Amino acid sequence: FAPNSVEFLFHWIAALANGYVPCAIAPSTKTPLVTALKKSLNIAAIVGPRLDPPRYQAKRFERIGAFDVVVCDRTPPSYEPFDVLILTTGTSGSQTACVHTVESLVCNASMTNKTLNITAADKQLVVLPMYHCYGLITQSIGAIISGCELKIDGPPFNANRFADLIRKERISICGITPAIARDLLRRGTVLPALRSMSIGGDRVSREEVASLLSKPFINELYITYGLTEAGPRVSVLPAHLAP
């Protein structure tokens with residue numbers, strides 16, 4: 001568990017490449033929940049910055065790149081290589097996850113790229129947590145397979161920094177949550193022109209969508225919702241085309 005960073009992405013990919021099954025969790029996760037996740041998800045090692053090995057009853061400790069790695073119980077594997085665990089948002093319990101294959105996640109990211117017309121010519125900004133499906137799969141994996149440039153920032157979200165990054169980095173695509181959208185509308189934040197903005201993760205009202213569509217800096221607006229046990233597809237509504 002770690003904050004958004006390219007190092008986070010490197011470790012996640014390295015785990016897959018070495019036949020392990022990654023499960024990204026929030027960097028603010030408290031020790032009791034990590035311990036519970038170890039048991040419920042059969043976790044054998046924990047990776048993140050500044051770990052305290054005794055806290056996790058670790059049997060081995062290493063430093064790989066900028067992260068600490070603590071190896072816990074050597075339990076028999078219960079997953080297949082190239083499986084990925086994505087934590088649920090809590091409706092199924094705080095210690096549950098969905099098992100997806102890398103193939104299905106890449107398929108999902110590819111379909112979303114196609115729906116949002118993302119190409120290698122785009123520059124995408126990630127401000128959503130990479131331990132959730134949209135920041136990790138749709139945006140990060142999507143950027144890798146599309147060839148577009150990926151800029152990683154936050155959380156926490158800051159409206160002024162968000163606008164400055166879009167301007168400085170010449171961002172064409174970004175994804176936010178309804179809470180961030182409401183914050184931008186409340187502050188009257190003026191953003192540099194964006195080709196595409198997506199909003200997902202929770203309910204967004206008709207009035208909020210209309211307000212966003214009225215902004216001259218948003219060309220295309222997509223309303224999305226994330227992965228479920230039912231399948232790997234992030235549902236997408238092109239709001240700028242909908243009646």
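I noted a volume of about 60 Å³ for the largest cavity, and the structure holds one cavity of 30 Å³ or more. For the search, a 1 Å grid is laid over the protein atoms alone; a cavity is a set of points where a 1.4 Å probe fits but cannot get out, a pocket is an open set with protein on both sides within 12 Å along at least five of seven lines, and lining residues have an atom within 4 Å of a point. Grid points are joined across faces, edges and corners, and a volume is the space filled by probe spheres set on the points.

**Ground rules.** I kept in mind that residues are numbered from 1 along each chain as its sequence is written, and that side-chain values use heavy atoms, with hydrogens and water left out. Because the model is predicted, local features need pLDDT of at least 70 and side-chain atom pairs count only at pLDDT 80 or more, while totals for chains, interfaces and linings use all residues.

Next I looked up the largest pocket, whose volume is about 1200 Å³. Of the 41 residues that line it, Ala15, Tyr20, Val21, Ala45 and Val47 are the closest to its centre. The elements giving two or more residues to the lining are α1 (6-17), α2 (31-41), β1 (45-48), β2 (60-64) and β3 (67-71), and α1 gives the most, with six residues. Helices (H or I, at least four residues) and strands (E, at least two) are DSSP runs, numbered from the N terminus. By class, the pocket lining divides into 30 nonpolar, six polar and five charged residues.

**Three-stranded sheet.** I then found an open sheet of three strands in the order β1-β3-β2, with antiparallel pairing (two strands pair if DSSP finds at least two bridges between them). Its edge strands are β1 and β2, each pairing on one side only. β2 and β3 pair over five bridges, and Arg60 stands opposite Val71 in β3. Helix α1 packs on this sheet, touching β1, β2 and β3, and its direction makes about 35° with that of β3; contact means heavy atoms within 4.5 Å, and axes are lines fitted to C-alpha atoms, for helices over the stretch in contact, with angles from 0 to 180 degrees between N-to-C directions.

**Six-stranded sheet.** Six strands form another open sheet, ordered β7-β6-β8-β9-β10-β11, with mixed pairing. β7 (149-152) and β11 (235-238) stand at the edges with a single partner strand each, so one side of each is left without a neighbour in the sheet. β8 (residues 173-176) and β9 (residues 194-200) run parallel and are joined by four bridges, and Ile176 stands opposite Ile199 in β9. Helix α5 (residues 159-169) lies across β6 (123-126), β7, β8 and β9, at about 160° to β6, whereas helix α6 (residues 178-187) lies across β8 and β9, at about 105° to β8.

**Salt bridges.** Last, I searched the whole structure and found 11 salt bridges (a side-chain nitrogen of Lys or Arg within 4 Å of a carboxyl oxygen of Asp or Glu).

Conventions: Ala, Val, Leu, Ile, Met, Phe, Trp, Tyr, Cys and Pro count as nonpolar, Asp, Glu, Lys and Arg as charged, and the others, Gly among them, as polar.
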